[in-house]
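Here is a colleague's note for someone new to this structure. Please read it with the model open.

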Amino acid sequence: MSWYLKVLKNYVGFKGRARRKEYWMFVLFNVIISIILSIIELSMGMEEAIISGLYGLAVLLPSLAVSVRRLHDIGKSGWWLLIGFIPIIGMIILLVFSCLDSQEGDNQYGPSPK
C-alpha cells in the first residue's frame, strides 16, 4: 500500500525514475480498487459506472506520471507512451518496456532508484 500512496503523493512528478516494483504495485492496487468499485456499483444496481469513472479520472494523472517515470528508468523518453495509440502492437511494446529491468547507474533522467 505504501507504493500506491507514494505514487499518489508524487502525482505530477514526471521527472525522475520509478522502479518496476513501484509501477507494478500501483497497477495492482488500481486493478483491485477498480474491481471493488465495480462490484459496489453492481450491487447497488447502478447501470452507469459513475464511481469507477470518477476514480479513473482521479488516478489518470498519477498513472501517466508513474508510467513516464517507469520509461525514464529504462532510459526511454516519456513520449514513448504515445506508442500505446498503435493498436495491439503499441500496448505490447509498452508492456515489454514496463517489464524491463532498470538501467544501471545514473542516466539522463536521474539517479538509479535502486
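1. Start with Glu-22. At 4% relative accessibility, Glu-22 counts as buried (buried means under 20% relative accessible area, exposed over 50%, partly exposed in between, with a 1.4 Å probe and protein chains only). Glu-22 sits in helix α2. Helices (H or I, at least four residues) and strands (E, at least two) are DSSP runs, numbered from the N terminus.

2. A word on sources. This is a predicted model, in which local features need pLDDT of at least 70 and side-chain atom pairs count only at pLDDT 80 or more, while totals for chains, interfaces and linings use all residues. Residues are numbered from 1 along each chain as its sequence is written, and side-chain values use heavy atoms, with hydrogens and water left out.

3. What does Glu-22 touch, leaving aside its neighbours within four places in sequence? Its contacts are Trp-3, Lys-6, Val-7, Arg-17, Val-66 and Arg-69. Contact here means heavy atoms within 4.5 Å.

4. Two of these partners form salt bridges with Glu-22. A salt bridge is a side-chain nitrogen of Lys or Arg within 4 Å of a carboxyl oxygen of Asp or Glu. Side chains of opposite charge can pair when their charged atoms come close. With Lys-6, the closest N and O atoms are 3.8 Å apart. Lys-6 lies in helix α1 (residues 2-9) and Glu-22 in helix α2, so this pair ties together parts 16 residues apart in sequence. Lys-6 is partly exposed, at 43% relative accessible area.

5. The salt bridge between Glu-22 and Arg-69 has an N to O distance of 3.1 Å. Arg-69 belongs to helix α4 and Glu-22 to helix α2, so the pair ties together parts 47 residues apart in sequence. Arg-69 is buried, with a relative accessible area of 2%.

6. The whole structure holds five salt bridges. One of them pairs Arg-70 with Asp-73, their closest N and O atoms being 2.6 Å apart. Both residues lie in helix α4, three residues apart, about one turn of the helix. Arg-70 and Asp-73 are both buried.

7. Now the overall fold. The protein has five helices and zero strands. Of its 114 residues, 32% count as buried. The C-alpha trace spans about 50 × 35 × 20 Å along its principal axes. Among contacts between residues at least 6 apart in sequence, 67% join residues at least 24 apart.

8. Please check Ile-88. Its phi is near 60°, a positive value in a residue other than glycine. Most residues other than glycine have a negative phi. Ile-88 is in the loop between α4 and α5. Is Ile-88 buried or exposed? Ile-88 is exposed, with a relative accessible area of 64%.

9. Look also at Gly-105, in the segment after α5. Gly-105 is partly exposed, at 38% relative accessible area. Not counting residues up to four places away in sequence, Gly-105 touches Arg-17 and Ser-112. The C-alpha atoms of Gly-105 and Ile-39 are separated by 43 Å.

10. Last, the lining of the largest pocket. The lining has 16 residues, and Tyr-23, Ser-67, Leu-81, Met-91 and Leu-94 lie nearest the pocket centre. On a 1 Å grid over the protein atoms alone, a pocket is an open set of points where a 1.4 Å probe fits, with protein on both sides within 12 Å along at least five of seven lines; lining residues have an atom within 4 Å of a point. Helices α2 (20-43), α4 (60-73) and α5 (89-99) each supply at least two lining residues.
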